[in-house]
Amino acid sequence: MSTPPEPTIHTCECSICQTGSEPEIVHQHYQINVLLSRLTEPQRRWYVGFLSQQSDRPGDRQLVLITGLARNTIRRGRRELAAGLADIPPIRQRHAVAGRPVAEKKIRRSQG
C-alpha cells in the first residue's frame with residue numbers, strides 16, 4: 001500500500017519572515033501554514049477568514065502573504081462564516097455503517 005504524499009507547506013512571504021527579524025512571528029506564521037497544509041480547501045478558507053476577523057491579527061493583504069490564499073478566498077471564508085456555514089452541508093467523519101466488525105457471526109439453526 002502506498003503512503004500519501006507529504007502536504008506542501010506554504011512559505012510565508014511577509015517581510016518579517018523573509019528577514020527573520022522576529023523569530024516568534026516567524027514561528028507563528030510557520031505554524032499557521034503547517035495547520036493549513038493539513039486542512040481541506042473549505043477548511044483553509046474558513047480558518048483564514050476567521051483569522052482575518054480577529055482584532056490582533058493581520059489584515060487581508062498580510063494574510064495573503066502569510067498563507068498564499070487569494071484575497072477573494074479569504075473574503076469568501078469570512079462570508080461563509082458570517083452566514084453560519086448555512087449553505088455548507090456537514091461532512092460525515094465516519095461512514096454510516098462504520099464501526100467495529102462483528103467478531104463472530106451467530107447462526108441460529110432451527111431444531112426441527
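Me: Hi! Of the 112 residues of the protein, what share counts as buried?
Reply: 20% of them, where buried means under 20% relative accessible area with a 1.4 Å probe and protein chains only, exposed means over 50%, and partly exposed lies in between. This is a predicted model, where local features need pLDDT of at least 70, side-chain atom pairs count only at pLDDT 80 or more, and totals for chains, interfaces and linings use all residues. Residues are numbered from 1 along each chain as its sequence is written, and side-chain values use heavy atoms, with hydrogens and water left out.

Me: Where does R45 sit, then?
Reply: In helix 3 (residues 41-53). R45 has a relative accessible area of 6%, so it is buried.

Me: And which residues does R45 touch, leaving out those up to four places away in sequence?
Reply: T73, R76, G77 and E80; contact means heavy atoms within 4.5 Å.

Me: Switching topic: which residues form the positive surface patch?
Reply: R61, R71, R75 and R79. Patch residues have over 30% relative accessible area and no salt bridge, with like charges joined within 9 Å and nonpolar side chains (Val, Leu, Ile, Met, Phe, Trp, Tyr) within 5 Å. A salt bridge is a side-chain nitrogen of Lys or Arg within 4 Å of a carboxyl oxygen of Asp or Glu.

Me: Which helix gives the largest share of that patch?
Reply: Helix 5 (residues 71-82), with three residues.

Me: And R61, is that one buried or exposed?
Reply: R61 is exposed, because its relative accessibility is 63%; R61 is found in helix 4 (residues 60-67).

Note on methods: Accessible areas come from the Shrake-Rupley method with a 1.4 Å probe; for residues, only the protein chains shown count as cover. Lys and Arg count as positive and Asp and Glu as negative; His and the chain ends are not counted. The place of a charge is taken as NZ of Lys, CZ of Arg, CG of Asp or CD of Glu. Helices (H or I, at least four residues) and strands (E, at least two) are DSSP runs, numbered from the N terminus.
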